[in-house]
Each structure stands twice: as C-alpha cells, then as structure tokens.
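Which charged side chains pair up in this model, and where do they sit? The report below takes up that topic.

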Amino acid sequence: MAVPVEAAEAEQSAPATTHPPAPRVRLPTARRQAARALLPVAVALLLTAAHEARPAPYGDRLIAHTRVAHGTRQPPLRATKAAVEAYDGTTGHPRWTYAREGRRPVAVLPARGHAIALWDDGLVTDTARGDGSAVRWHRALPGAAGWLADHGARGVLRPLGTRMLAVITPRRVAAYRIADGDLRWTLPARYGCSFAPERALRHGEALLIAQPCATGDSWTTELVAVDDLGRITPHRTPLGNVWQGERHSAGHAHPGKVVARPR
C-alpha cells in the first residue's frame, strides 16, 4: 500500500523524540572521600595477594621459627631429608628451615654468616645463616644431578679461605665469591681425566684435588693445587676476588682487580 506524499513528508519533518537525561546520582561528600581513601588500600591488598599467589623461584620455602637478636652467635646447621635447618645449639630447637619443593639437600657447608647448601638437582644456594631471613643466591651446576644421584656429594663443597667457595665436580672446579655468588674462575679437568671431590685435601692455604687419568700419568699430573685466586702455578699473576663491599686484603696480589662487577 503506497503512503501519500504529504504523510511521508510530514513524518520526515516531524522532530525526533528526545528523552531527558537520567539524573546523576551523587554520593555525599563524606562517602566520596572515604572511597578515595580506601582505593590505595584495596590496590595494595590486590597486589599483595597476587605476589603471594605467585610461586616462589626454585620452589623455595623459607620459614623463620624464632626471632634472633642481632649479634647472636651463628647457629649450627644440619641437612635433613627435606630441608636445611639451623638450630639452637643448647635446646636443639630449629631457628629456621629452608626447603625446596620436591628437592632434597645433599650437603651443607657453614660459612661466616652464610649457610651454603647443595641440592639433589645440582643447585647451590646460600642462605643468611644467622636468622634465615633470605636466600641470597642460587647457582646451577650443569649436568651434575645424575652424577650426584650415583656418587653422592662428599667433598663437592669446599671453602677457599673465608671469601670463596669451590664446587668440585668430575668435569670442572668452579669458584664462587660467597658474598654475592659471583663466578670468579673455573678450572676444567684435563682431557682423559676427572676430578675426585672426595679425595681433596687442605694444605695450608691450598686445596689439593685429585685428578685421576685413564692413561695413568705421573702423580704430578694427577694432582691439582688451587686457592681462592685459581690454580697455583709458578709466576702466576692472579686476579683478585675482593667484593666491592669488603675491604681489600693486603695479603693477595692485585686485590683491586676484578673480573666482573658483582651481580
């Protein structure tokens, strides 16, 4: 059915129907101020919840059982089947425990202010020994997990003086600065030879490490001497391992030279 022209023109020229805007709901001033004050608190709570929900790196689980006063004597350490534990030498009660989800500590080495542990997956960690307040660093040993499972961890962690840590595996010796976990030097085993961590021996400032070889060379080639500055050889010019946060030691050659900045 056709629509008359006059009716169509009248419909087009008719003004559009408009509706009044919805009234704005305004909160009382006191409520607006309270809402603004609570907004930062709500954001902080959301961020905290998100942080706590995030899994800890390396599966770390660090629990402090008692508060320790500053300057308290460093507690003894022990490795249990599931954790590294610092305990009170008088009561035997734990001060703190450090566990890693699904992992087992296979060795623990006490140092001044540090608790160094070796885990069954080949990870080396350092925890604040006095109060267990933080895990300071993690370092991985490539390809060490299978060897540890077969041979154990006897002799793998060795102190080099008070500043340095030697980690001995059949393929290499790696030296880390205890203060920050910085890798200072590595010494690979000779071709056809391998290091024997359980046969390492301290002699003064030197660490003597057995390096048996398949060819049965002379005993001089099957024994390596190292200290905190690296392999001991005649007329060497070693690089220093002093951390920038420590004072230089006058007893080491070139104490101010470093290989890399602390990470």
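## Basis

This is a predicted model, in which local features need pLDDT of at least 70 and side-chain atom pairs count only at pLDDT 80 or more, while totals for chains, interfaces and linings use all residues. Residues are numbered from 1 along each chain as its sequence is written, and side-chain values use heavy atoms, with hydrogens and water left out.

## Salt bridges around Asp-121

The structure holds 9 salt bridges (a side-chain nitrogen of Lys or Arg within 4 Å of a carboxyl oxygen of Asp or Glu). One of them joins Arg-100 and Asp-121, at 2.9 Å from N to O. Arg-100 lies in strand E4 (residues 94-100) and Asp-121 in the loop between strands E6 (114-119) and E7 (123-128), so the pair ties together parts 21 residues apart in sequence. Strands are DSSP runs of at least two residues, numbered from the N terminus.

Arg-100 is buried, at 6% relative accessibility. Asp-121 is partly exposed, at 24%. Buried means under 20% relative accessible area, exposed over 50%, and partly exposed in between (1.4 Å probe, protein chains only).

Asp-121 also forms a salt bridge with Arg-103, with the closest N and O atoms 3.5 Å apart. Arg-103 sits in the loop between E4 and strand E5 (105-111), 18 residues from Asp-121. Arg-103 is partly exposed, at 37%.

Asp-182 and Arg-184 meet in a salt bridge of 2.5 Å, N to O. Both residues are buried. Salt bridges with shared partners join Arg-177, Asp-180, Asp-182 and Arg-184 into one network.

Technical notes: Helices (H or I, at least four residues) and strands (E, at least two) are DSSP runs, numbered from the N terminus.
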